[in-house]
Amino acid sequence: MKFMKIVMICLMIIGLTACNKNINEKPDKKDKDQEEVTEYKRDSTPGEIIYITLEEMESKLKKKESFPIIFSTTYCLYCRDFHSVFDEYIKTHHVVMYEVILDNEDRSEQENLAIIKKYFPEFTTTPGVFYAEKGKEKNYLNFSVSGMNETVIDEWVQKYKLDKK
């Protein structure tokens, strides 16, 4: 019985000391990334969607610009779902999203797909929401994995500081 008490006390001591973080430790990479997300002033004025063509998208990428972009079609129900969430979201978040409506382009679907895949190889379906940084694909916001809601969009916006003042 005495042996069990000693074992229990030792386990409790180990458990308590293992949970304490050394205050002199430097933050690890994850902590630093989390700090960066919250260390900027967010602009709560309304944002907007700017409609562009694939040629204009290619021009922005060749100029090594950074911007969020959505590829959509007018007949896509998921695109409508995205807009119902995002249109409400940008009323209080100054995010400028560029959008290419693919069925407004004067090409076949295969030609449009070839152009998009050149820059955004992960693109498979609409809505395709991406962040381009310095002319290259940085991130694909995959709603089939993350779900499509305001929280997911807001975390993505904060990650890339798309509503920064």
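Modeller: Start with Ser 72, which is buried, with a relative accessible area of 2%. Buried means under 20% relative accessible area, exposed over 50%, and partly exposed in between, using a 1.4 Å probe and protein chains only. This is a predicted model, where local features need pLDDT of at least 70, side-chain atom pairs count only at pLDDT 80 or more, and totals for chains, interfaces and linings use all residues. Residues are numbered from 1 along each chain as its sequence is written, and side-chain values use heavy atoms, with hydrogens and water left out.

Colleague: Where is Ser 72 found?

Modeller: Ser 72 is in strand β2. Helices (H or I, at least four residues) and strands (E, at least two) are DSSP runs, numbered from the N terminus.

Colleague: And what is Ser 72 in contact with, leaving aside neighbours within four places in sequence?

Modeller: Its partners are Cys 79, Glu 99, Val 100, Ile 101, Leu 102, Asp 103 and Thr 126. Contact means heavy atoms within 4.5 Å.

Colleague: What about Tyr 75, buried or exposed?

Modeller: Tyr 75 counts as exposed because its relative accessibility is 53%. Tyr 75 lies in the loop between β2 (67–72) and α4 (77–89).

Colleague: Which residues does Tyr 75 touch, not counting those up to four places away in sequence?

Modeller: Arg 80, Asp 103 and Glu 109. Asp 103 also turned up among the contacts of Ser 72. C-alpha to C-alpha, Tyr 75 and Asp 103 are 8.7 Å apart in space, and 28 residues apart in sequence.

Colleague: Switching to cysteines. How many disulfides does a search of the whole structure find?

Modeller: The search finds 0. The rule for a disulfide is a pair of cysteine sulfur atoms within 2.5 Å.

Colleague: Are Cys 76 and Cys 79 buried or exposed?

Modeller: Cys 76 counts as buried, at 8% relative accessibility. Cys 79 is buried too, at 3%.

Colleague: On to charges. How many salt bridges are there?

Modeller: The count comes to 8. A salt bridge here is a side-chain nitrogen of Lys or Arg within 4 Å of a carboxyl oxygen of Asp or Glu.

Colleague: Which one links distant parts of the chain?

Modeller: Arg 42 and Asp 154 do, with their side chains meeting at 2.5 Å, N to O. They sit 112 residues apart: Arg 42 is in the loop between α2 (29–38) and β1 (48–51), and Asp 154 is in helix α7 (residues 150–159). Arg 42 is partly exposed at 30%, whereas Asp 154 is buried at 16%.

Colleague: What other pairs can you show me?

Modeller: Glu 65 and Lys 60 meet in a salt bridge at 2.5 Å, N to O. Glu 65 is partly exposed, with 26% relative accessible area, and Lys 60 is buried at 12%. Arg 107 and Glu 105 form another at 2.8 Å, N to O. Arg 107 is partly exposed at 24%, while Glu 105 counts as buried at 11%. Salt bridges that share partners also join Arg 42, Asp 154 and Asp 163 into one network.

Colleague: Last topic, confidence. What pLDDT does the chain average?

Modeller: The chain averages 84, and 77% of the residues score at least 70. pLDDT is the predictor's confidence in each residue, from 0 to 100.

Colleague: Where does pLDDT stay under 50?

Modeller: Over residues 14–37. For that stretch the model has 5 contacts beyond four places in sequence.
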